[in-house]
Structure formats: C-alpha cells, structure tokens
Amino acid sequence: MTSRGAVVGLGLLALAACGPSKPVPEPACALSLEYPEGLDVLISADGGCHGSLALGLRVATGSPDAPVWSDPASASLRVVSSWVNQGTAAVREVSVVNIGTSTVSLVGLEWSTPDGGVGFTADRLLQNGYQSWSYTGVLPLPSKLKEENGTAPHGGDNEDLTGEQRGVSWWWTWLGDASGHGLVVGATGGTVLKTYLAVDGPKRPRLRIVQGVTGDAIAIGPGRTLELDGLWLSFGEATARLDEYAATVAATDHRPAAPRPAVIRKPPLGGWGSWNLYYANVTAQDLRTEAVWAKEHLAPLGLTDFLLDDGYEPSWGQWFAATKFGASLETLAAEQKAQGLVPAIWLAPVYVDVTDPLVSAHPDWFVHTAEGKLRTYTNFGPSYAALDVSHPGARAHVTSSLQQLWAWGVRTFKLDFLFGAAIEGVRQEPMTGLQSYARWMQVIREAVPDAHLVGCGAPLLPSVGTFDSMRTGADIALSVGPEPSYPFLASQARQTITRAYTDRFWALDPDVFLLRGTGLSDAEAWTAVVADALSGGNALFGDLKQASATRQAMALAPQVVALLRDGRAARPVDLPAQLEAAPVASPLIAQLQGDETRLPHVWRKTSADGNRGALAIFGWDVEGYQVQVELPAGAKELVPPTSESTALGEVPLEGKQTVTVAKHAARLFTW
C-alpha cells in the first residue's frame, strides 16, 4: 500500500467520540413494499436512506446434484408466506407447502434481482465467512460469478476451510459504496437450510439470496408445510444496520439450539491459554509452571480462567490425558482450583480419530456418504469421522465425555471443529446439516448447562443461542512459525472489527494475546493490546510470562484491564473505506502473495451506560495515517511504556485534534 494520509469527516468522528451525551440519531428510513406480477417483492427506501430492490423467487427440487428450478407459480412446492414492512426493515417468513399429490424433495430457494440489478450504488460488500475461522472483510465485487447447480456458487462450508470466494457471503452481508450507505440482508436463523448471499457485476450488481443448494434435500409430503428460516433486510449506514440486524437475530427464538435463556450468558473469559506457546507438545509440568505465574500476576486482576488448549489427549474422541502428558486432568483441575484458577479445556466433540476402536466397533454411530462410506475429514495428517447426532450411542459418547470433564472440575469448554456437526450426509434419521447442528448444540448444552461454552470452527448463524463466547478468526500464530508476527495480529484485528456486531450473540474471542519474541516491535505489541482490548470479549494471555516487562506493563496496566471483558466490542467508524484483494483466511497465504491486510483505521467503543468511551486510531500498513477527531472533555491519551520501568502514561487531550499514527502503531484515547 502506498504512503498516504486520510481525513475523515469531523461530524462523523465527533459523533463517535461524544462521551456521555447521546449521539444525534439517524433520520428515519422509511420502506414501502409492492408485489408486482412476476416478482416476490419490490422494496423502496426513502427518508434517511435511499434505494430500491426488486427480488424474484425460484424453487429448486429433486436431486441436490442436479436440481430442477421452477418459478413459484408452476412449482408443486409453494412459498406461501410474504414480506412484511417493519418500518425500517423488511422481513420475510418462509413457509413451503406441497400442494401436489406426491412427495417432493426441496433442494433450495433463490431470491434474485432482475436484469437491472440492485437499485442503489454498490461496488463492495462485507463478506462474512461460513464459520468462526473463516475470512471476513470488505471486498470489491467480482465481475461475474460462475454458476453451480443452476444458481450462485458457494464455498468454505463443511470441511472446505479454504473455499471461500470473492462475492459470496455466508448468513448475512452488507452491500454498498465507500460512503457506507447500502443494504444489509441476511437470514434470521440457521436451523434448517444454509443461507448464502452472492453479488457480482460491479456496474449493475446482481444480488442472489440462496437458502439451501448445498447438498441437502428435504422430502415434503402432500399437504405438508415446512417452516424455514426467515430473511431480513434494511437500507442505510453499514454499521448501524448491521447492529440492527444482529439485534433482530439475537431476539429470535433459535430452539432447540438454546435450551436456556440468553440472559444467562456467562461473562467473557480472562486468564491464560496454552495453545500458541506450547501447541500439541504441552505437558502437565508446563501447566503447573504457568499456573504459578497466573496465580501471582493474573488472578489478582480477576483473570482466573486457565485453558488447556489441546495436546493432552491420546487421540480425538478420547478426552482424557494421555500417559505422556504427565498427570490426570482431575489432578490438575484440583491443583488449579486450589490456586484460585478456573480450569478450562479444549476438545473437538463431534469428531473421532478413524483409527480409534470406537469407529470400527460402532460404524453406525457416524455420518456416511450416499455411497455408504464414512464421512471423514483430514486435518494435517490424521483423519476423523463425524458422529451422528441421531444415534443414541453417539450422543451418549459426547455427553459422557463432557460430564466426566465437568466432574473432574472443568468449568469452561472450548469446542472446536464444530463444522463437523453441520455437514451434509447420511444419518440414522434423515435431517439436514443444520438440523443436525441444532440437535448437537442442544445435546452439548444440556450435558453441561452451567458451563461457559466457547465456539470455534463453528458455523456462525446456527451457533446463536448456544455459546457464551465465539472465536472471530483463524489462529493468530501457527506451530510452523510459532512466534507471533504482525501480519497475523493485523488479520485478527480485521476479524474482530468486521464481526464486532456479533457481540449481540456472544462475547468475541480474538484468540489469545501474544506479545513475546522479536517478531514484534513494541509499537506492534501495543497495537495488538489495543485491538484485543477493544474487542470487549475474552482476554486470555498466551505468552505474557515469556514477554518483556515492557509488554507485560502494556497488557496489565489498570487502564487497559478496565477496557477488558465488558462484552461490548468497538465499532468501526470507517468500515467500508478499505478494500482487500481476496478472502484470504490465513495471513500466511497473504504473506506469500505479498498482500497486506486492509481494515478500518478508526474504532470507537462506548460503555453500556454511555458514560465511558474509547477511541483507537491505527496506522496499520499506512505511513503516517492522519485523521481529524473531536475528543470530549476529560479525554486522555494512554501512552504505552517505552522502557521496562515505565508504566502507561496519560496525556490530557480534548477538543478538535489532528492525530497522526505511524505505520503498524496505534493511539488510544479514553474518557
């Protein structure tokens, strides 16, 4: 990226940093709905927003590999519900009725704009990946997407971790221009068929909303009705509309995935996690050494969670300590509890190593292909079979594993590779991938109802209502290059800020804070601390004991700790301003391609009562990024330590300011 400065409008940033006073509300957006012949709906926006959207509807039936598409009037499956005007948003319930005399298999539905494309200016979209590791960012629209099965393509779902493609967003999207105006559209739930949204043609963008067509088919008998997940859309400013969408989804009933009320959501985690320091080579002695340090330095700050993140088990499916690990999980949990720590553990509950005797002894416990073979997933060598939730033996295996860990003293479960619960395949009982996922989430939550559940590798929208916290991106370091580096931290920051509105569903988990080594400068370490702190979610330190005293002072300063774990993520002021080239999930790939991470420079955070706030300005890969802001009375800049004996500094700074930030650096203001 070439060196440049930037000036963001004073009005916008003054509003973002306005302290206790309430921000000036947006002018109301008024929608009108019409139902012309040949269209499912024509939506027009006026007032505080502008634009129009016409959508036609098609129905896919038959085989998932070769679906037959029909218009609603001629299809034997009728979509009988319609769009409803809720003032600022249009909402569609989706009910499919078989009006014929024979059973028909529903493969999917597609809403699409006619040849004229969308009725507003749009050249970019917020592309949201399928699951918690997947890429999320703002991308330019592709010129044309290829067709698959008669509609837009999809990728990145199931076990295809690198299949995301530009122009296709899972579950929801924002589509608009550099000013931030546009359209947010998404499904209101993920319980029956997977939803993805595809946009192509930058001059006259075409939008397609697809439910299904991912490999499932649902048999609907004569006269029977099938309720699917609904749709929601609204015009306006990107960040505000995304928040409104998330609030709608959070208020939607997602049972059976939510057997407990959402108000019981556990607070974010704070403490220590093992993976990005010890990886799969962790031992009981490593944990004991780290626990002593955590007791002394983290527990007094209320950071008491202590996560054993993989590497302890003999193999996937056997969720107890291997002999070489050096101690039982029960023994370690008792020791940690005596030190004032709260034991937490990682597991991948729905996968079992194919070499485990359980697989050969009970092949009927697992998901199969249509050809009768095990539905397996290979991950850097080992292969795993996915347990079938419709088999009581499979459910009992997962339930007993979780309850045994709970009995040993574990109170937090980091559940990984959960996409395996949502794969399409053949089960003992016919069901879609998302129906399987919903049932697995019910089984897991009921097994340990009082635990803090962390989602990881989890399909995002289907996970709403189950988890207390959720990973927002890929690992921020890999064992092939184990020390932290700036591109990984910047990539995670992009994931945090572009999924900030999901704090309506759960606490964000930006992976562990990593600060050790020479791969980071002190300025880059401060950038990482600020970005992670403004997530408002889980704050687990992965290597603070191994970091310099300067970086320890950054991370554990009272002013920083005060920003942590309040459940409220910062919001981007300039969300659509930066465009990335491609949806690259791992910065390791981006580095090989010579790409840089591009993400919003200005983040704002406000407390629940509106009386406290923070504004962070990041340089990222820009030399001398500059922006004008207006800071409220009482604002101060937090200045990171410059030597091992210096604490954070505080410099009063209020009113109109021109702020310049160096490349890879960050500046943080609070009030």
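Author: This is a predicted model. Start with Ala 333, which is found in helix α5, residues 329-338.

Reader: Why is Ala 333 called buried?

Author: Its relative accessibility is 5%. Buried means under 20%. The value falls under that cut-off, so Ala 333 counts as buried.

Reader: Which residues is Ala 333 in contact with, leaving aside its neighbours within four places in sequence?

Author: They are Pro 343, Trp 408 and Gly 409. Contact here means heavy atoms within 4.5 Å. As for Ile 345, twelve residues along the chain from Ala 333, the two C-alpha atoms are separated by 10.0 Å.

Reader: Now the sheet. In what order do its six strands come?

Author: The order is β29-β30-β31-β36-β33-β34, in an open sheet with antiparallel pairing.

Reader: What makes β29 and β34 edge strands?

Author: Each has a single partner strand, so one side of each is left without a neighbour in the sheet. The edge strands are β29 (571-572) and β34 (649-652).

Reader: How do you know that β29 and β30 pair?

Author: Count the bridges. Pairing needs at least two. β29 and β30 (residues 602-606) have two bridges, in the antiparallel sense. That meets the rule, so the strands pair. Within this pair, Pro 572 stands opposite Trp 603 in β30.

Reader: Why is the contact of Asp 200 and Arg 206 called a salt bridge?

Author: The N to O distance is 2.7 Å. The cut-off is 4 Å, so the pair qualifies. Arg 208 also forms a salt bridge with Asp 200, with the closest N and O atoms 3.5 Å apart. That is within 4 Å too, so the label holds.

Reader: Are Asp 200 and Arg 206 buried or partly exposed?

Author: Asp 200 has a relative accessible area of 3%, so it is buried. Arg 206 stands at 23%, so it counts as partly exposed. Arg 208 is buried, like Asp 200.

Reader: Which parts of the chain does the salt bridge of Arg 571 and Asp 503 link?

Author: The closest N and O atoms are 2.9 Å apart. Arg 571 is in strand β29, while Asp 503 is in the loop between α9 (486-498) and β27 (507-509). The two are 68 residues apart, so the pair links distant parts of the chain. Arg 571 is buried at 13%, and Asp 503 is buried at 11%.

Reader: What joins Glu 147, Asp 200, Arg 206 and Arg 208 into one network?

Author: Salt bridges that share partners do. By this rule the count comes to 24 salt bridges.

Methods
Residues numbered from 1 in each chain as written. Predicted model: local features only at pLDDT ≥ 70, side-chain atom pairs only at ≥ 80, totals over all residues. Heavy atoms only, no water. Helix = DSSP H or I, 4+ residues; strand = E, 2+ residues; numbered from the N terminus. Buried < 20%, exposed > 50% of the residue type's maximum accessible area, 1.4 Å probe, protein only. Salt bridge = Lys/Arg side-chain N within 4 Å of Asp/Glu carboxyl O.
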